[in-house]
Amino acid sequence: MRKKIAIISAVLVLALVLSLALAACNQFKWDSIGKAEPNGELKSNGGYAVKQGKYLYYINGFDGTDADNTFGTPVKQAILRSEVTEENGALKIVEGTTKIVVPKTVLYSSSVKDGGIAVFGEWIYYATPNYDKDKTGAASTTDVDFMRTKTDGSVTQKIAKISGRDTRYLFTPNRILYVSGTSVNYIDFSGMKTNKSVTNGSGAKSGTLVENVSGTVLWSMDCDRIFYVESLTGENSFKQYNNLCSIKWDGSDKKTLATENTFLQGNEKPEEQVQKVFKFTLVNMLVEKDAQGTEDVTLYYTKSHRSGESDTSDGFFCAKASNIKDTEYLMYTQSVSAVYPLGYEEGALLTISSSLYKFDKPESAAQAPDDLQSRLIASGTPTVCYIDAKAKQAYYTSSSVTGLARTSYDIANPDNQALIFSEGIKTDWLNLDFVGTNLVFFATDDENYAHIIDVKTPIYQVKDEEGEDKKTEYIGLDREEDEEEQ
């Protein structure tokens with residue numbers, strides 16, 4: 001009898017161990033929310049919202065970084081999926097289709113504006129704060145988990161953990177790139193299995209893409225290259241120049257776009273050579289295609305040269321990445337606070353002091369315009385969030401506007417500024433996100449829940465049935481009645 005009891009006890013212990021093991025393996029368990037459209041057209045990848053086929057994936061709202069981030073618990077700062085219809089460009093949520101697809105908190109950082117979520121094929125990629133405890137029981141305040149979840153919610157995988165919640169990162173179809181000090185590192189997840197949840201990044205590999213980086217690294221999901229400035233090392237470290245470079249996401253095809261002798265003709269005197277050897281600082285970029293569909297990248301940057309014991313600014317420039325030397329032109333001679341690219345031929349919108357100006361490509365590549373007043377677009381420290389190139393209009397937020405405003409940047413045919421809507425907008429996280437002409441944002445007037453509006457719909461100065469200003473559409477979950485339904 002004792003032997004039978006012992007055997008039964010052993011079986012029970014084994015069953016308990018197995019159940020605990022299975023529970024550990026299924027810590028990312030989440031029911032499928034229904035078939036997605038992994039081959040659907042993508043719009044607006046990265047940021048607050050991504051449209052894939054007939055579905056919109058978006059962050060539900062802002063809840064801060066101190067909320068419980070146990071998988072399955074977060075709602076307000078989690079990722080939702082809604083089916084949408086589109087009429088004349090305006091997106092509408094199909095009632096009853098909004099569901100939580102990623103029950104994790106998306107990483108918040110007030111200093112990282114170009115992060116957010118991305119969708120590639122059947123996966124949603126996101127960063128989330130890691131609160132693992134150390135031996136003393138103290139939860140991490142710096143670690144970040146890079147993760148992905150299938151677009152139907154059925155499988156979730158932890159790809160890697162890094163330290164630094166203010167780290168800039170970029171999701172690509174096969175790699176995550178992130179800036180660490182003076183390096184751009186990568187996490188390659190192409191070797192990960194795709195049929196089950198993963199908690200330890202099994203199959204992912206990490207490494208360094210480029211080193212000795214100086215200043216801002218430029219990247220975009222619309223381009224498979226990153227652009228950066230490379231500092232000199234070793235025996236050349238004393239020289240007063242740096243290299244403007246680019247490299248593909250996968251580490252191949254590194255190019256030096258501009259270096260020590262790029263602007264030298266070969267017949268300059270020594271004192272003249274010094275004035276043509278530059279240090280570059282990248283500011284912004286725009287991916288463009290010509291009429292034949294050939295892709296190029298327009299770069300916006302500053303240059304300086306050595307003058308005595310210090311560097312002297314040469315101004316703010318624009319050039320095509322494919323041929324810096326022959327396409328460069330001087331846009332403005334003084335300092336610029338922010339740059340909103342319009343394209344190589346069209347120029348850019350520049351924030352100078354607290355106002356926004358339109359700068360065109362000058363007739364002479366070496367002569368930048370110095371007349372500011374005739375180029376004034378808006379005042380009040382505006383931040384441009386959407387540009388309608390066809391209509392030559394810029395949509396912006398500013399310290400003098402509650403909500404979203406619009407202005408023309410057609411200098412020859414200016415129109416009056418218009419207030420699009422007057423709700424408060426959370427602007428201290430990601431760049432405001434447009435899906436086509438639809439702005440997805442967190443409404444501070446509605447406790448930072450997700451809202452949407454087609455900016456082409458003229459709702460400003462429109463009153464609702466109660467005589468109040470018409471509001472944008474709330475699209476999220478987790479108000480008390482929604483949470484009860486969940």
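I take buried to mean under 20% relative accessible area, exposed over 50%, and partly exposed in between, with a 1.4 Å probe and protein chains only. The model is predicted, so I rely on local features only at pLDDT of at least 70 and on side-chain atom pairs only at pLDDT 80 or more, while totals for chains, interfaces and linings use all residues. Residues are numbered from 1 along each chain as its sequence is written, and side-chain values use heavy atoms, with hydrogens and water left out.

**Entry on D388.** I looked up D388 and found it in strand β27, residues 383–388, where strands are DSSP runs of E with at least two residues, numbered from the N terminus. D388 counts as buried because its relative accessibility is 10%. For polar contacts I use pairs of N or O atoms within 3.5 Å; within protein, one must be able to donate a hydrogen and the other to accept it, and residues adjacent in sequence count only if both atoms are side-chain atoms. The side chain of D388 has a polar atom 3.3 Å from the backbone nitrogen of K390 and also reaches the backbone nitrogen of A391 at 3.2 Å. Leaving aside residues up to four places away in sequence, I list Q393, Y395, Y409 and K456 as touching D388, with contact meaning heavy atoms within 4.5 Å.

**Entry on the sheet.** I then traced an open sheet of four strands, ordered β23-β24-β25-β26, with antiparallel pairing. β23 (338–343) and β26 (376–378) are its edges, each with a single partner strand, so one side of each lacks a neighbour in the sheet. I noted that β25 (residues 355–359) pairs with β26 in the antiparallel sense over two bridges, where pairing requires that DSSP finds at least two bridges between two strands. L356 stands opposite A378 in β26.
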